[in-house]
Amino acid sequence: MSILFYKYNLENQLTKEARLYFEVYKYNPAVRLPPYIKISDKLPTDKKYNILGITNGKYILLDNSFKSYRLQNFATTLIIWEAILIFSLMLLMYFTIIKYIRKEEYIRKYLEILILTITHKLGNFLSVQKLNIDLIKSKCRLKAVQRLEDAYSLIEKDFKFTIKTLKNLGEPEKTISTVNLKDMIEDILHHFVENLSNKEVKLKLQNIYIKADSNDLENILFSVIENAVKFSENRIYIKMCKKDDNIYIYIKNDVGELSKGAGVGTHIAEFLLSQYGGQIKTHAGRDFLTVLIIPV
C-alpha cells in the first residue's frame, strides 16, 4: 500500500517537473535538463520513454527507468526499515514475555511455599488439637466433647479439601473426563458419615453424567455439601435433575446453631463452577437452599 501510494505521488511529481522543463525548453533550448528528461528527433519505438510534447520538431521524453529506479530505492528502504521495526518489536515482545514468565514462575513458587507453610503449621495445630480432644474424651463423656470432636472432624476435612483445591488451581491444564454426579455426591457424603449419624438425610438422585475435571467437581460439591452438613441441625435434602441444557442440584438443610461461616468454600465453589459457565444460587428461609446450575 505504501509503495502504491509513493508510486502515485512520484508519477504526479515527475510529470509536473517534466512539463515545467518542457515549457522552459520551448523558450530556451539551451537549458540544461535533468537526466530523466530527453530531447529526441525521433519518435521512441519502445516503452522506455513517455512522450511529454513536441516543440520545433523535437520530442520531449520522460525516462521511465528513472521512475523505476526511484521506486526500487523507496521499496528497498521501506523493506529495510520495516524489517528493523519488526525485529525490534519481536525483540521487545520476547523480553516482555520472558519477564512475564519469570514473574509468573516466581509467584507460583512463592504460593507453593506459602501453601506448604500453611499446610505444615495448620496440620501440626490440628494434630495437637486431635490429641487434646482424645485426652478429654477419655476422661469426660459430655455431649459438648462429642460436639467438639464433630467440629474438629469437619475442620480437618475442610482443611484437606481446601489445600487440595489450592494445589489444583495451580495446574496448567485440566483433565476432562466423564463423571457420574450421583456417585460423586454419594462418595462425598461418605466423608461425613459420623457427622450425619444423628441427622435425617434424604436423597433423590439419578445417574447424570457430565464431562468436566473431576477434581473441580469434587471440590464444588464438597464445599456446598460440607456447608449443609456443618450448619444443619437435624436434616439435609439433596435432589438432582436435568432440564433442557442444565443440570440442577438442590441442597437444602435446616439451620442449626452455627448459622454463619466465612463462606470461603462457597466462594471457591462459585469460582470453579464459573469456569464451566455454571452458577450457584442461595435462598435463606426456614431452611437454607443452595442450587447449583451446571450447563451440560
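Predicted model: local features only at pLDDT ≥ 70, side-chain atom pairs only at ≥ 80, totals over all residues.
**Nonpolar patch.** I found a patch of about 760 Å², made by Tyr 106, Ile 107, Tyr 110, Leu 111, Leu 114, Ile 118, Leu 122 and Phe 125. I picked Leu 114 from this group and placed it in helix 2, which covers residues 64–139. Its relative accessibility is 36%, so I noted Leu 114 as partly exposed.

**Helix 1 against helix 2.** I then asked at what angle helix 1 and helix 2 pack. The angle is about 150 degrees, and the axes are 10 Å apart. Helix 1 takes in residues 2–27. I recorded the crossing of the two helices as right-handed.

I went on to list the residues that meet there. From helix 1 they include Ser 2, Ile 3, Tyr 6 and Leu 10. From helix 2 they include Phe 66, Arg 70, Leu 71 and Phe 74. Glu 11 of helix 1 and Lys 67 of helix 2 are also among the residues in contact, and I came back to them below.

**Salt bridges.** How many salt bridges does the structure hold? I noted nine, and looked up some of them.

Lys 67 and Glu 11 form one, with their closest N and O atoms 3.2 Å apart. Lys 67 belongs to helix 2 and Glu 11 to helix 1, so this pair ties together parts that are 56 residues apart in sequence. Is Lys 67 buried or exposed? I put Lys 67 down as buried, because its relative accessibility is 19% and the cut-off for buried is under 20%. Glu 11, with a relative accessible area of 28%, is partly exposed.

Lys 130 and Asp 134 form another, and here the closest N and O atoms are 3.8 Å apart. Both residues lie in helix 2, four residues apart, which is about one turn of the helix. I found Lys 130 partly exposed at 30% relative accessibility. Asp 134 is also partly exposed, at 35%. I noted too that a network of salt bridges links Lys 130, Asp 134 and Glu 149.

The last pair I checked was Arg 235 with Asp 287, where the closest N and O atoms of the salt bridge are 3.1 Å apart. Asp 287 has a relative accessible area of 18% and is buried.

How values were computed. Residues numbered from 1 in each chain as written. Heavy atoms only, no water. Patch = residues over 30% accessible without salt bridge, like charges linked within 9 Å, V, L, I, M, F, W, Y side chains within 5 Å. Areas by Shrake-Rupley, 256 points an atom, 1.4 Å probe, with all protein chains shown as cover. Salt bridge = Lys/Arg side-chain N within 4 Å of Asp/Glu carboxyl O. Buried < 20%, exposed > 50% of the residue type's maximum accessible area, 1.4 Å probe, protein only. Axes fitted to C-alpha atoms, helices over the stretch in contact; angles between N-to-C directions. Left-handed = near helix turned anticlockwise from the far one by under 90°. Contact = heavy atoms within 4.5 Å.
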